[in-house]
Amino acid sequence: MSKVKKLVSFFLLGLVVIGLSACKGDSVANENIAKRIKEDPVITWGVKYDTRLFGMMNVETRKVEGFDIDIARAITKEILGEEGKAEFVEVTSKTRIPLLKNGNIDGIIATMTITEERLGQVDFSDIYFDAGQSLLVKKGSHIQSINDLTDQDTVLVVKGSTSAVNIREHAPQANILELENYAEAFTALQSGQGDAMTTDNAILLGMASENNNYGLVGGTFTKEPYGIAINKGQEDFLNEVDGALRDMHDNGTYDKIYDKWFPNDPEGKAAKGAKFNG
């Protein structure tokens, strides 16, 4: 075989390999999850590892813990029974949708706000936590509500979150500094890189519990309902997730989990079958 023919052959073989890899990726992403988990009773959830009260890595046990984690385990049990297994993959606000689209995870339970824009990319379950955006500041700060923010103030947000969009709308005069995750943002607040941090009130409450020098101010200025994101084309699995959530409300599992993580904050408790109204 001539050198030219060999090169052509290797080139064509490379194209075939690439094509097969792409097809394999597509097949995983488009696989019917509801059918697969009946044969292999494992559901893989994308969760946060850095969000106190919702999904936080316990450095002693090396296990992720929080409200989202307990909800994921309970949904898995409702759908698959005692033999069902919930597995967890760490996600961030930037990586969670791509990981879902690629088939790396089956669903996202990661303090994810339901929005019209996101509904164009993924489907959402019923609301499982009724959050709202607020401000976290050092106690004694001149900032006591969103109306106190000026062009002299810097607000810390997480990249890729709805909080970044909302604060620009409600306080356009403020300076915005975007960080990679909530831990970095809270560290930046404590080191004086910003005057306030903003995200959903439940997340901020978790941070305030770490340091008594910080507190929430001004109540909430948005509605940020959390939903479980499921990839488009997975209606069967979405229906099973919604059914599991409703059963958890009926049998008391939801209330038990909620009261475990938010005993003094009933405002975030979602109603059975609550839907996003836009």
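Tutor: Here is a walk through the pocket and the cavities, with some background.

This is a predicted model, so local features need pLDDT of at least 70 and side-chain atom pairs count only at pLDDT 80 or more, while totals for chains, interfaces and linings use all residues. Residues are numbered from 1 along each chain as its sequence is written, and side-chain values use heavy atoms, with hydrogens and water left out.

Start with the whole. The protein has ten helices and 15 strands. These are DSSP runs, numbered from the N terminus: helices are H or I with at least four residues, strands are E with at least two. Of the 278 residues, 48% are buried. Buried means under 20% relative accessible area, with a 1.4 Å probe and protein chains only.

Now the spaces. They are found on a 1 Å grid over the protein atoms alone. A cavity is a set of points where a 1.4 Å probe fits but cannot get out. A pocket is an open set with protein on both sides within 12 Å along at least five of seven lines. Lining residues have an atom within 4 Å of a point. Grid points are joined across faces, edges and corners, and a volume is the space filled by probe spheres set on the points.

The largest pocket holds about 320 Å³ of space. Its lining has 19 residues, and Thr115, Glu117, Arg118, Ser161 and Thr162 are the closest to its centre. Helix H4 (96-101), helix H5 (116-119) and helix H6 (162-170) each supply at least two lining residues. H6 gives the largest share, three residues. By type, the pocket lining has five nonpolar, eight polar and six charged residues. Here Ala, Val, Leu, Ile, Met, Phe, Trp, Tyr, Cys and Pro count as nonpolar, Asp, Glu, Lys and Arg as charged, and the others, Gly among them, as polar. Domain 1 (33-130 + 225-262) and domain 2 (132-223) each give at least three residues to this lining. Those bounds come from an automatic or database domain assignment.

The whole structure has two cavities of 30 Å³ or more.

The largest cavity has a volume of about 50 Å³. Among the residues that line this cavity are Arg96, Met112, Arg118, Ser161, Thr162, Tyr182 and Asp200. H6 and strand S12 (196-200) each supply at least two of the lining residues. The lining divides into two nonpolar, six polar and three charged residues. Domain 1 and domain 2 each give at least three residues here.

The second largest cavity has a volume of about 40 Å³. Lys48, Asp50, Val91, Thr92, Ser93, Val158, Glu180, Asn181 and Tyr182 line this one. They divide into three nonpolar, three polar and three charged. Both domain 1 and domain 2 give residues to the lining, so this cavity lies between them.

Asp50 leads on to a sheet. Strand S2 (50-51) belongs to an open sheet of three strands. The order is S2-S3-S4, with antiparallel pairing. S2 and S4 (63-65) stand at the edges with a single partner strand each, so one side of each has no neighbour in the sheet. Strand S3 (residues 55-58) pairs with S4 over three bridges; two strands pair if DSSP finds at least two bridges between them. Met56 has Glu65 in S4 as its bridge partner.

Note on methods:
Buried means under 20% relative accessible area, exposed over 50%, partly exposed in between (1.4 Å probe, protein chains only).
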